[in-house]
Amino acid sequence: MDLSTPLATIAPTLDAGVLQVLAATTSGCTAAEVHRRLRRGSDEGVRKVLGRLVGQGIVAVETVARSSVYRLNREHLAARHIIGLTRLRDELVEHVRSEVERWDPPPLHAALFGSFARGEADADSDVDVLLVRPDRWDESREESWLRQVDTLDRHVLAWTGNEAHVVDLTSDTLREMVLARDPLVDSWWADGVHLAGERMTDLTTRPR
């Protein structure tokens with residue numbers, strides 16, 4: 001699934017991106033603004049899509065200061081379904097959070113990071129998950145932990161069609177990475193979407 005434009009799951013054309021842009025705002029956009037926010041396609045292509053969607057009634061247009069301003073017609077019967085699809089990214093976050101919060105043994109820290117966390121993931125992107133666990137525990141808890149990680153891996157693929165990329169660390173390893181100024185740690189600080197357990201700030205000090 002294109003995780004930055006989930007509508008492309010059912011509409012693999014420029015239409016999906018245009019609807020994604022309009023669903024994200026209630027103030028309306030000119031065709032040029034839609035094109036700028038979409039960051040793909042041509043200005044002419046965006047205008048053709050807008051015209052087609054106006055014809056379908058899902059997009060409304062009005063003239064403001066001699067410019068055509070387009071809005072998603074939220075009274076259209078299809079609007080709530082379109083809006084729901086645009087929010088699949090948030091739904092995935094909640095699915096992963098809900099699963100990880102039920103884990104026994106629980107993680108010390110769990111977060112999403114990488115292109116998905118930045119809102120840049122596409123159909124070929126992995127869903128990057130950071131898991132930090134205690135340094136030591138007995139064998140039975142280790143087995144339970146690995147089963148949980150494997151289940152999460154399978155669920156992410158089933159929910160999205162995208163592979164999960166799980167980074168599974170002990171707290172000692174995390175501290176070593178911080179001391180070594182590993183650039184991956186910087187991305188966890190900058191982009192991490194907290195899911196469960198302690199905040200990163202509670203586990204270690206941000207590298208300088």
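Is serine 4 buried, partly exposed or exposed? In this predicted model, serine 4 is partly exposed, because its relative accessible area is 27%, and a residue counts as buried under 20% and as exposed over 50%. Serine 4 is placed in the segment before helix H1 (14-23). Apart from neighbours within four places in sequence, serine 4 is in contact with Gln20, Gly119, Glu120 and Ala121. The C-alpha atom of serine 4 is separated by 16 Å from that of leucine 157, a residue 153 places away along the chain.

The model also contains an open sheet of 4 strands, arranged in the order E5-E4-E3-E6 with mixed pairing. Strand E5 (164-170) and strand E6 (193-197) are the edge strands, each pairing on one side only. From one strand to the next, the twist averages 20°. In general, the strands of a sheet pair through backbone hydrogen bonds and may be parallel or antiparallel.

Both kinds of pairing involve strand E4. With E3, strand E4 runs antiparallel, and 5 bridges join the two. One of the paired positions is phenylalanine 113, whose bridge partner in E4 is aspartate 128. With E5, strand E4 (residues 127-133) runs parallel, and 7 bridges join these two strands. Leucine 130 has valine 167 of E5 as its bridge partner, and leucine 131 stands opposite aspartate 168 in E5. Between E4 and E5 the chain passes through helix H7 (residues 139-160), forming a β-α-β crossover that is right-handed.

Strand E4 is mostly covered, with 7 of its 7 residues buried. In a regular strand, side chains alternate between the two faces of the sheet. In E4, Val127, Val129, Leu131 and Arg133 point one way, while Asp128, Leu130 and Val132 point the other way.

Helix H5 (residues 88-101) lies across strand E3 (109-113), E4 and E6, and runs at about 20° to E6. Helix H9 (residues 183-191) packs on the sheet and touches E3, E4, E5 and E6. The direction of helix H9 makes about 90° with that of E3.

Note on methods. Residues are numbered from 1 along each chain as its sequence is written. This is a predicted model: local features need pLDDT of at least 70, side-chain atom pairs count only at pLDDT 80 or more; totals for chains, interfaces and linings use all residues. Side-chain values use heavy atoms; hydrogens and water are left out. Two strands pair if DSSP finds at least two bridges between them. Axes are lines fitted to C-alpha atoms, for helices over the stretch in contact, and angles run from 0 to 180 degrees between N-to-C directions. Contact means heavy atoms within 4.5 Å. Buried means under 20% relative accessible area, exposed over 50%, partly exposed in between (1.4 Å probe, protein chains only). A crossover is right-handed if, with the strands pointing away from the viewer, the path from the first strand over the helix to the second runs clockwise.
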